[in-house]
Amino acid sequence: MSLYIKKKKNMSLSKLWSFRGDCIQYSLKVSNSHMGPGKRPSHAQPWSVSDDSLKRFVLHASESCIQDLLSATGDQNRGDGWKILAMGGGVEISRRSNGPLNMLRGRRILRVPLSQFKAVATAIDTAKQWDPNLAEGRHIKDIHENLSIIRLRFSESSKPLFKNREFIVYERRETMDDGTFVVGVASVPNEIAKGLLPKSRGKKLVRGLLLQSGWVIEAMEQSNSCMVTYVVQMDPAGWLPKWVVNRLSMRLVVMVINDLSKLVENSTPQIEDDSDFDPSE
């Protein structure tokens, strides 16, 4: 089964919201199909979803995520709601208001080939840049060769945004027809996450939500250069006020894009196959 997606940067926002609504309706239908007559779904109960239903749901949700990320790399003058907040050190930071929690974007040109940054543009490597106290980053379930579900767990000594938190996310990796590489990462609904991985008893973990995040890496006309775009919108849940989350998220974008860029620039260039690239070497 091919998961190849054509690049659609001009996909309208109305279609995207409609698509998300279809996903929500589908997930509720799956939930209700596993409940007895007369019963109503409860957010406190995990959804029992078959492997086939889970696969279809995550395929649909991740495709929407990929298209959202591609639309975030468009022209600044297109009127898509992005507002530049700061420019410095080669990094452009932008914000788009989307409810109480902002969506943040960082962009930077790197003098390295696309394939070299592609090696570290993963959910787990990015989470290591969020906070060095990442206690666990592991695959829970493979949906397809380029789509999987991952657990990210942070320790008690982590920063406030991640302290004693975990995220159950999908990661989808796609190469577009023009060579652009996209990594979409977002949380699966909490009810589905509970069915995949129930919370451990005795551990005071807050299960946060990664509403939208990922990387878009575009090759440039200049030799061995690429434009790197990182987008994130998260709700760490718990007691943190939304304005604090927005401020910390902006710092997070700057830190992640700078740290991973330095990691790539200092790494050994990949000549042919970068599938075995180890950023720790």
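User: How many helices and strands are there in the protein chain?
Analyst: The protein chain has 6 helices and 10 strands, taken as DSSP runs numbered from the N terminus (H or I, at least four residues, for helices; E, at least two, for strands). Heads-up: this is a predicted model, where local features need pLDDT of at least 70, side-chain atom pairs count only at pLDDT 80 or more, and totals for chains, interfaces and linings use all residues. Residues are numbered from 1 along each chain as its sequence is written, and side-chain values use heavy atoms, with hydrogens and water left out.

User: Ok, on to L101. Where is L101 found?
Analyst: L101 sits in the loop between strand 2 (91–96) and strand 3 (103–110).

User: Is L101 buried or exposed?
Analyst: L101 counts as buried because its relative accessibility is 6%; buried means under 20% relative accessible area, exposed over 50%, partly exposed in between (1.4 Å probe, protein chains only).

User: What does L101 touch?
Analyst: Leaving out residues up to four places away in sequence, L101 touches L211, Q233, M234, D235, K242, V245 and N246. A contact means heavy atoms within 4.5 Å. L101 and D235 are 134 residues apart in sequence, with C-alphas 7.3 Å apart.

User: Switching to strands: which way do strand 2 and strand 3 pair?
Analyst: Antiparallel, over 6 bridges; two strands pair if DSSP finds at least two bridges between them. S94 stands opposite R105 in strand 3.

User: And what is the bridge partner of R105 in strand 10?
Analyst: That's V231. Strand 3 and strand 10 (residues 226–235) run antiparallel, joined by 7 bridges.
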